[in-house]
Structure formats: C-alpha cells, structure tokens
Amino acid sequence: MSQYYKPNRKPDWNYGGPKWRLSRSKIALFLECARCFYIDNKLGVARPPGFPFNLNSAVDALLKKEFDVHRAGATAHPLMKQYGINAVPFVHKDINTWRENFKGIECQHAPTGFTISGALDDVWVNKKGELIVVDYKATSKDEKIEALDKDWHLGYKRQMEIYQWLLRQNGHTVSDTGYFVYANASKDKEAFDATLEFEVTLVPYTGNADWIEKTLLDIKKCLQSDAVPNKAPDCDYCNYREVVGKALLATQPKVEKAVLARKKHPKNNVEKTTGQLF
Ligand code: SF4
C-alpha cells in the first residue's frame, strides 16, 4: 500500500471519536461533496490524497522564513511597502502552532459542539491593530496574477474566510481584507539552469464569512443522519468507480448474479467473491 494512503484509520479519528476535529479542509470537502465527506468522517474511509506538492511546500517554507525575519524585527516586508500596506507581520505566542499542519488555530463552536481548526500561512497586523490573514500560493501561469477571478478560486476565498472567522472566534479583531502572496514561476526563459524565477504579487481579497454558521449546522445535520448523502454530479472519482465496478462485473457474470442475489437476499454471504473486485 502507498505510504500516503491509509484507508482504514482508527475510529478515534471519525466523527464521535475523541480525536475528531472539523478542519478547514473537511469543511471544503463537505461543500464539494457531502457524500465523500460523510464516507470519510462518519464511515472512516477517506479519498486517497493527491501526491504532495513539494515545490509549492518549498516556496511556502521560504516565504515563511522571509516574513519571519520581518516579524522578529517588527519591520514591513518590501512587498508590503510596494503595495502600500501599512502593516507588519504579527507577533503572537501561538503563531507557530497556528501555522502548523494538523494543529493550526482552533475554536469550540457551541451550536454544534465541534472543535474547528485551520492551519494558516501568516498573519499581519495593521496600524489599527486589525489582524490581516495572509495565504501563500505558488504556481506557474503565463499571465501576471493580480485577481482571483476564476471559478475555481472560490475554494481559496472560502479558505481565507474560514481563517478570518477562526481568528475572530478567538477574540481577535480581523480586517475583512486579506492577501494572497502569489509566487508565479516564469517559463519564459531559454533554459532551466537549475533556477526558477518567480514574480511575486499581492492579491487582496475582501472576505465575507456569513456562509460559515449555516454550513456548520448543515454539517452537523449530515453527520447525525444515518442516510448517506447523494454524490456530487460530474465527479470524476465516482464516475471512475462506477465504470470500473461495472467493467469488472461484466467480466464476472457469476459474481454479478451473486450481487443481484444478495440484493434480494441480504443475508447471503458474497463478500468472499466480491471482495477481490472492489
Ligand atoms: S461524487 Fe463520489 S467520489 Fe466524488 S466526491 Fe462525491 S462521493 Fe466522493
């Protein structure tokens, strides 16, 4: 089995278990497909993760180091000056925990009883004492990145809104405007020469966290139900699973019959024959 995929995790990590928390990425999964969210959090079988983006992680780590130098000196990063932002990186005793994957900043949400968490990239503070959520992104696009204007940017916007909401739940005053620090690698060079060149831009976004409370209540309702939600339309994962299942069944007419028979007589034990297929 791949070192990245552990399908049968301990029930402690499922909804109702002592280690279960609702992370920012789980909220994103619920909004993408309630069925996958339910199978993951309630039934304990997660979708295989994507392969780790090590180059993006390297850019994140280096940007963090760079901003940490200015945090220690209480100075503005040149990018802040370039964009006229009167702020400095925020100093807080928990900043490293807030930025750590699988820890992050968390809050207890009384209406649902959930512990909600998210690991953010950075926080700045302006002259009014308002916190500014900052997220680092690394990519390689031909055009200069100055706006979040694509449909798929919705996930990034929600990500920022959840971080703003989490900071507010922890009693902080937070600016509605956050920033994406975009590092865009250029492909417009003669050769690689063991060097990537990045254009770094700052993209502002004004968050609106009004959707979060209702979504949390919807998640609670979903998790408390015994009904598995419907699948999302046009999902390549489910379509693949269905097509593969049908293709394999077509090669095994006896098994197909056994599955059909099981539907009629659920007590029949056909796991032994179907196990090899799914
Ligand atoms: S449609 Fe299926 S695979 Fe796709 S996200 Fe939903 S449950 Fe998961």
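**Terms and their grounds**

Analyst: The domain assignment of the protein gives domain 1 (11-224) and domain 2 (236-274), the bounds coming from an automatic or database domain assignment. This is a predicted model, in which local features need pLDDT of at least 70, side-chain atom pairs count only at pLDDT 80 or more, and totals for chains, interfaces and linings use all residues. Residues are numbered from 1 along each chain as its sequence is written.

User: How far apart do the C-alpha centres of domain 1 and domain 2 lie?

Analyst: The centres are 41 Å apart.

User: Why is helix H1 called oblique to helix H6?

Analyst: H1 (residues 24-32) and H6 (residues 154-169) pack at an angle of about 135°, with their axes 10 Å apart. Angles under 35 degrees count as roughly parallel, over 145 as roughly antiparallel, 65 to 115 as roughly perpendicular and the rest as oblique. H1 is therefore oblique to H6.

User: Which residues make the contact?

Analyst: Arg24, Ile27 and Ala28 of H1 meet Gly155, Arg158, Gln159 and Ile162 of H6; contact requires C-beta atoms, placed from the backbone, within 7 Å.

User: What makes strands S5 and S6 a pair, and in which sense?

Analyst: Two strands pair if DSSP finds at least two bridges between them. S5 (residues 122-126) and S6 (residues 131-139) have 4 bridges, in the antiparallel sense.

User: In which sense does S6 pair with strand S7?

Analyst: S6 and S7 (residues 177-185) pair in the parallel sense over 6 bridges, and Ala138 stands opposite Ala183 in S7.

Technical notes
Axes fitted to C-alpha atoms, helices over the stretch in contact; angles between N-to-C directions. Helix = DSSP H or I, 4+ residues; strand = E, 2+ residues; numbered from the N terminus. Contact = placed C-beta atoms within 7 Å.
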